[in-house]
Every structure is written in structure tokens, then in C-alpha cells.
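Hi,

Here is the structure I promised to pass on. Have a look at it first, and then read on for my notes.

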Amino acid sequence: MLTFNEAPNIARTLSRLAFVTEIVIVDSGSTDATREIAACDPRVRLFNRVFTTHAEQWNFGLHETGISTEWVLALDADFVLSDEAIAEIQGLVPGDGVNGYWASFQYCIDGVPLRGAAYPPVLVLYRRARARYRQDGHTQRVQVEGTVGALTGLIQHDDRKPLAQWLASQSRYMRLEGDKLAETPDASLAIVDRLRKAIVIMPPLMFIYCYFVRGGVLDGKAGLYYALQRSAAELILSLYLIRRRLDAT
């Protein structure tokens, strides 16, 4: 698990991990109570590493912290396992050549589950020796050799950090995403990323997708908040892209 100022989240995530024997946390210099909360769990081994990239933080955690187990469950500090996911993981009997499992998510706003969200599946469970992370824009992707299956039990994504912290994070993430989009030829980009490079399309389109297509309109204030949040992230990305173009003239 990677952490940086995750005090509003980490206790809930740790409380759902009673079935694991060891928890490795790589912290990037938290200034809130994250480290103190984590240290209350005797299974936690806490490491401090100055943040470079997400991929390098994850690879450090995987290969340089003394993990000896064959399988690793890799979670963000705001990933909360459901009862179904816990039971499924505990009962897994991986077939020959199966080296990892994707998980799907139920997105929450302050504990309120949404009907739908734009959050993609994440490869969260894998054989450590078969895994390596690479950086992809603002985030990381784990590459696992061999066959990868899918869990049916959902994981909740429930980030309760303050809005100001979310905005600061999105500014950093979207700058990196803008660098990736600007430096990648259009032919190598997925259709969604091509639309993002068009600057004016994705912010309103993302709101329509989250609020109407995914059913956020039925989730009350939480659904509206999420739709505005996602369109705001796309707007920040658009600002970085247009800033690059202005600077280049």
C-alpha cells in the first residue's frame, strides 16, 4: 500500500484486512496522522521513501521491502474490501498459469455507493515474482506475466480526503497526463485520449457520461458531486494542454 496523508482513509482499509498476515506500507512523508494510525496495527511494516513516481514507489514496495509471500494484494489506501471480495480471495485456488486477478469497483462518495462510475478495473492480486510496474501518464500499470483472471467480489473506492487535497492531487496528475498526451502521437492513443487532446470535448462529455449515462442523476448530491469532480479533472487537463500550446507559440 502506498500512502501520503491518508489519515481519513487508512483505518477503514486496514480494518478489512484481518485475513492477511503482513501489511507493507510505503509512505511518502505524510504530515498528518497516517503513520501513527498505521503503526497501531502490529502487522504493518512501514517504510518511508521520498516520492519519485507511482511506478517506482510500487516497485520499491514489491522488491525492496523484504516481502517473501508468493502472492501480493496491492491496494490504494482508499480501497475497502467487501465481504464478498474477502471471502473470494480467501477461497481462491488459482489454476495453472494464473498469475493475477482484476477487481471491479463500487465508487463511493463519503460512504454513499454510486450506481455507476468511470473508475476502471484494477489488477490488485498477483504473484509477486511475475509483476512489475510501469508509469503511464499520471498513474501506474502493473504488468503480470501469464494468465490474469477476474474477481467477482467488488472493492469500494471510498476516498474521504478533503476537497482541497483532491484538487491539489488532480493538478499534479493532470499535468503528467497532459505531458503524456502531448508527447504521444495520435495514432498511438486510444479514442478517449484523442478526444481529451481536442481540449473542449471531454469536460462536458465526462459530466454527461457520469451524471446521465452512468446514473449519477439517481444518486442525489453524491452523484452530482462525482460528475462535477470528474468533469473538473478533465477541465484541469484541458487547461494544461492549452497552456502547453500557448507556451509553444
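In which hand, left or right, does helix 5 pass helix 8? The crossing is right-handed. Before I go further, please keep in mind that this is a predicted model.

**Helix 8 and its partners**

Let me stay with that pair for a moment. Helix 5 covers residues 163-183 and helix 8 covers residues 220-248; their axes come within 8 Å and cross at roughly 45 degrees. That angle makes helix 5 oblique to helix 8. On the helix 5 side, the contact is made by L163, W166, Q170, S171, M174, R175, E177, G178, D179, L181, A182 and E183. Helix 8 answers with Y225, Q229, R230, A232, A233, I236, L237, Y240, L241 and R244. Sorted by class, that contact has 12 nonpolar, 4 polar and 6 charged residues.

Helix 8 also meets helix 7, and here the axes come within 8 Å and cross at roughly 160 degrees. An angle over 145 counts as roughly antiparallel, so helix 7 is roughly antiparallel to helix 8. Helix 7 passes helix 8 in a right-handed crossing. The residues that make this contact are M202, P203, M206, F207, C210 and Y211 from helix 7, with G223, L224, Y226, A227, L228, R230, S231, E234, L235 and S238 from helix 8. By class, you get 11 nonpolar, 3 polar and 2 charged residues for helix 7 with helix 8.

**The cores**

As general background, nonpolar side chains in soluble globular proteins tend to be buried together. In this model, the largest nonpolar core has 24 residues. M1, L17, I23, I25, L81, V124 and I155 are the ones with the most contacts inside that core. The elements giving two or more residues to this core are helix 1 (10-15), strand 2 (23-27), strand 5 (79-81), helix 4 (83-90), strand 6 (98-103) and strand 9 (122-127). Another core, of 16 residues, lies apart from it, and V24, W58, V72 and Y133 are among its members.

I25 is a handy place to start looking around. Not counting residues up to four places away in sequence, I25 touches M1, T3, I10, A38, V44, R45, L46 and F47.

**A few buried spots**

L151 sits in the loop between strand 12 (147-150) and strand 13 (155-157). What is the relative accessible area of L151? The value is 6%, so L151 is buried. With neighbours within four places in sequence left aside, L151 is in contact with E88, I89, L92, Y101, W102, A103 and V124. V124, from that list, is also one of the residues with the most contacts inside the largest core.

Helix 3 (residues 54-63) contains H54, and F60 is found in helix 3 too. H54 is buried, with a relative accessible area of 16%, and F60 is buried at 15%. Again leaving aside neighbours within four places in sequence, H54 is in contact with L2, Q135, H138, Q140 and Y173. For F60, the contacts on that basis are V26, F47, R49 and T65. F60 and Y133 are 73 residues apart along the chain, while their C-alpha atoms are separated by 9.8 Å.

T139 is in strand 11 (residues 139-144), and at 17% relative accessibility T139 counts as buried.

Most residues other than glycine have a negative phi. N5 has a positive phi of about 50 degrees although it is not a glycine. N5 lies in the loop between strand 1 (2-3) and helix 1, and N5 is buried, with a relative accessible area of 11%. I199 has a positive phi too, of about 75 degrees, and is not a glycine either. I199 lies in the loop between helix 6 (191-197) and helix 7 (202-213), and at 13% relative accessibility I199 counts as buried.

Cheers

Terms used
Residues numbered from 1 in each chain as written. Predicted model: local features only at pLDDT ≥ 70, side-chain atom pairs only at ≥ 80, totals over all residues. Heavy atoms only, no water. Axes fitted to C-alpha atoms, helices over the stretch in contact; angles between N-to-C directions. Helix = DSSP H or I, 4+ residues; strand = E, 2+ residues; numbered from the N terminus. Parallel < 35°, antiparallel > 145°, perpendicular 65-115°, else oblique. Left-handed = near helix turned anticlockwise from the far one by under 90°. Contact = heavy atoms within 4.5 Å. Nonpolar A, V, L, I, M, F, W, Y, C, P; charged D, E, K, R; others polar. Core = buried A, V, L, I, M, F, W, Y, C linked by side-chain atoms within 4.5 Å. Buried < 20%, exposed > 50% of the residue type's maximum accessible area, 1.4 Å probe, protein only.
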